Amino acid sequence: MTWRNPKYELGGVNHLALVCADMERTVDFYTRVLGMRLIKTIEFPGGTGQHFFFDMGGGNALAFFWFADAPDAVPGVSRPVTVPGIGEWISAVGTMNHVAINVPEERFLEYRAKLKEDGVRVSPVIDHDDSEDGYAEKLHDGVFVRSFYFQDPDGILLEFACWRREMGAPGDVAHTPKTAADRVTPATAG
């Protein structure tokens with residue numbers, strides 16, 4: 001039986017909206033490199049901006065704003081500097097850290113190779129498990145998701161991920177949530 005939300009009938013992500021520096025470059029990357037279909041474009045009055053939508057499959061869309069006066073990204077603050085497995089991937093509170101795109105497990109390694117052929121720098125494959133480190137050196141039955149990371153032309157962190165089992169089983173939710181008081185900030189460090 002599939003779990004159902006008793007409070008709201010939510011159907012997944014309608015769209016996730018991000019900000020890009022160059023809409024033409026963004027359209028090229030998401031259509032040519034990732035094969036997404038551009039499904040809607042909006043032009044704001046007076047040349048102030050644009051809002052474009054891409055079909056991600058499964059009824060989900062990825063959208064981008066282009067604002068004529070948008071400030072530049074600050075790597076390590078507004079977005080990660082690079083990708084897990086290659087470098088620093090922390091971002092500030094309230095930011096979007098990455099977009100994980102579901103892909104079929106049987107095509108996972110093929111898709112990684114295709115991105116590399118297109119000149120996209122990809123992270124090593126990370127097999128996420130419940131070990132202390134959170135990842136496995138070798139694929140085994142306890143790996144619940146396989147993933148690798150890469151960045152779009154604006155440095156937005158993307159992930160291709162494939163679930164290996166259904167989540168929500170006993171033991172999948174086993175950690176006490178941290179609070180703001182648990183954070184290590186410059187004011188509390190040292």
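Phenylalanine 148 is buried, with a relative accessible area of 0%, where buried means under 20% relative accessible area, computed with a 1.4 Å probe on protein chains only. This is a predicted model, in which local features need pLDDT of at least 70, side-chain atom pairs count only at pLDDT 80 or more, and totals for chains, interfaces and linings use all residues. Residues are numbered from 1 along each chain as its sequence is written, and side-chain values use heavy atoms, with hydrogens and water left out.

**Aromatic pairs**
- Phenylalanine 148 forms a tilted aromatic pair with phenylalanine 150, at 6.1 Å centre to centre and 35° between the planes; rings of Phe, Tyr and Trp (its six-membered ring) pair if their centres lie within 6.5 Å, and planes under 30 degrees apart count as stacked, over 60 as edge-to-face and the rest as tilted.
- Phenylalanine 150 also pairs edge-to-face with phenylalanine 160, at 5.1 Å centre to centre and 85° between the planes.
- Because phenylalanine 150 lies in strand β8 and phenylalanine 160 in strand β9, this pair ties together parts that are 10 residues apart in sequence; strands are DSSP runs (E, at least two residues), as helices are (H or I, at least four), numbered from the N terminus.
- One aromatic cluster is formed by Phe108, Tyr111, Phe148, Phe150 and Phe160.

**Nonpolar core**
- The largest nonpolar core has 27 residues, and those with the most contacts inside it include Leu115, Phe150 and Phe160; such a core is a set of buried Ala, Val, Leu, Ile, Met, Phe, Trp, Tyr and Cys residues joined through side-chain atoms within 4.5 Å.
- Helix α1 gives the most to this core, with five residues.

Terms used: Buried < 20%, exposed > 50% of the residue type's maximum accessible area, 1.4 Å probe, protein only.
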